[in-house]
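Open your viewer and keep the selection tool at hand. The stops below follow one after another.

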Amino acid sequence: MKKIYLDGERMQCAANAHCYLRYMLAFPEYYGENADALYDCLTEIGTETELVLLRSELVDALILNVMRAADRQNALLMLHEMGAYGI
C-alpha cells in the first residue's frame, strides 16, 4: 500500500491545494485544478493508497469535502484526517 502524508497548512486555499495535490499525488499533466478534476483523479486511483492528512482543520472546506467524497467512492483510497495534535 502506498502511504502519502499531506500537510493541511499547504492546502488552506483551493489554488494552493490543487498545485500541492498535483505534485504530491502525481496527477496527470491535464489535471484541471478544480473540484471536479480532483474528484475524478482521486476516484481513479487504482492501487491501495492511504492519504494521511495532517492539520486537516486548515484545509480549504471544498477541497476537504471533495477528498471525503472520493474516499467514500473509491474502495482503494483511504483518507485519514489528523488534527494539529495528531487526533
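Select Arg55 to start. Arg55 is partly exposed, at a relative accessible area of 29%. Buried here means under 20% relative accessible area, exposed over 50%, and partly exposed in between (1.4 Å probe, protein chains only). This is a predicted model, in which local features need pLDDT of at least 70 and side-chain atom pairs count only at pLDDT 80 or more, while totals for chains, interfaces and linings use all residues. Residues are numbered from 1 along each chain as its sequence is written, and side-chain values use heavy atoms, with hydrogens and water left out.

Stay on Arg55. It sits in the loop between strand S2 (49-54) and H3. Helices (H or I, at least four residues) and strands (E, at least two) are DSSP runs, numbered from the N terminus. Check the backbone: phi of Arg55 is near 55 degrees, a positive value in a residue other than glycine. Most residues other than glycine have a negative phi.

Next, select Asp7. Asp7 belongs to strand S1 (residues 2-7). Is Asp7 buried or exposed? Asp7 is buried, with a relative accessible area of 19%. Show its contacts (heavy atoms within 4.5 Å). Leaving aside residues up to four places away in sequence, Asp7 touches Tyr20, Leu54 and Arg55.

Now go to helix H1 (residues 14-24). Its buried residues are Ala17, His18, Tyr20 and Leu21. Colour what covers them: S1, helix H2 (35-43) and helix H3 (61-73) are included.

Ala26 is found in the loop between H1 and H2. Its phi is positive, about 50 degrees, although Ala26 is not a glycine. Ala26 is exposed, with a relative accessible area of 64%.

Select Phe27 and Tyr31 together. A search of the whole structure finds 1 aromatic pair. Phe27 and Tyr31 form that pair, which is tilted: 4.7 Å centre to centre, with 50 degrees between the planes. Rings of Phe, Tyr and Trp (its six-membered ring) pair if their centres lie within 6.5 Å; planes under 30 degrees apart count as stacked, over 60 as edge-to-face and the rest as tilted. Phe27 is buried at 11% relative accessible area, and Tyr31 is buried at 4%.
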